[in-house]
Amino acid sequence: MPDEDLVDIKFRLFDGSDIGPFRYSSASTVDMLKQRILSDWPKGKTITPKAVNEVKLICSGKILDNNKTVGQCRTPFGDVTGGITIMHVVVQPSPVKTKTEKKIDKSPKKIVCSCSIL
């Protein structure tokens, strides 16, 4: 594989720490990058993605689509020969399924009426 087809990428996490840099083929997909991030996620972080769909990658201010390749995501003005591309990682946990229905108590109620007759 020619050296021009390889891209060095570092992933910047929410707290400023990094994963990488790693060298990827420009034909690698964003989904493949996310899988790598998931497998190399540092232990002990307060926020940890549980699935690839919880990870968003941002490069040059754009959220990257899973089916795009690294070569398609590169911006010509930001690439420096021999430089490292930094992609920002955002973890967006899937919403927790909650019960939206209120419990309705259908048991019969005892009605107490205090009436006075004059």
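**Core packing and an aromatic cluster**

At 8% relative accessibility, Y24 counts as buried, since the cut-off for burial is under 20% relative accessible area. The model discussed here is predicted. F22 is buried too, with a relative accessible area of 17%.

The rings of F11 and Y24 have centres 6.3 Å apart. Their planes stand at 70°, so this pair is edge-to-face. Planes over 60 degrees apart are classed in this way. The pair links distant parts of the chain. F11 belongs to strand 1 and Y24 to strand 2, 13 residues apart. Both F11 and Y24 are buried. The rings of F22 and Y24 have centres 6.4 Å apart. Here the planes lie at 75°, so the pair is again edge-to-face. The count of aromatic pairs comes to 2. F11, F22 and Y24 form one aromatic cluster. A charged residue is also found at this site: R36 lies over the face of F22, at 3.6 Å from the ring centre.

The largest nonpolar core has 20 residues. Within this core, I9, F11, L33, I37, L57, M87 and V89 touch the most other members. Several elements give two or more residues to the core. They are strand 1 (6–12), strand 2 (18–25), helix 1 (30–39), strand 3 (55–59), helix 2 (70–73) and strand 5 (84–91).

Helix 1 was examined next. Its buried residues are V30, L33, K34 and I37. Seen down the helix axis, these buried residues fall within an arc of 100°, so they line one face of helix 1. The cover over them includes strand 1, strand 2, strand 3, helix 2 and strand 5. L33 gives a residue-level view of the contacts. Leaving aside residues up to four places away in sequence, L33 touches I9, F11, Y24, L57, V70 and M87.

The loop between strand 2 and helix 1 holds S28. This serine is buried, with a relative accessible area of 9%. S28 touches K68, T69 and V70, again not counting residues up to four places away in sequence.

Terms used: Residues numbered from 1 in each chain as written. Predicted model: local features only at pLDDT ≥ 70, side-chain atom pairs only at ≥ 80, totals over all residues. Heavy atoms only, no water. Core = buried A, V, L, I, M, F, W, Y, C linked by side-chain atoms within 4.5 Å. Buried < 20%, exposed > 50% of the residue type's maximum accessible area, 1.4 Å probe, protein only. Helix = DSSP H or I, 4+ residues; strand = E, 2+ residues; numbered from the N terminus. Contact = heavy atoms within 4.5 Å. Arc of directions from axis to C-beta. Phe/Tyr/Trp six-rings, centres within 6.5 Å; stacked < 30°, edge-to-face > 60°. Lys NZ or Arg CZ within 6 Å of the ring centre and 35° of its normal.
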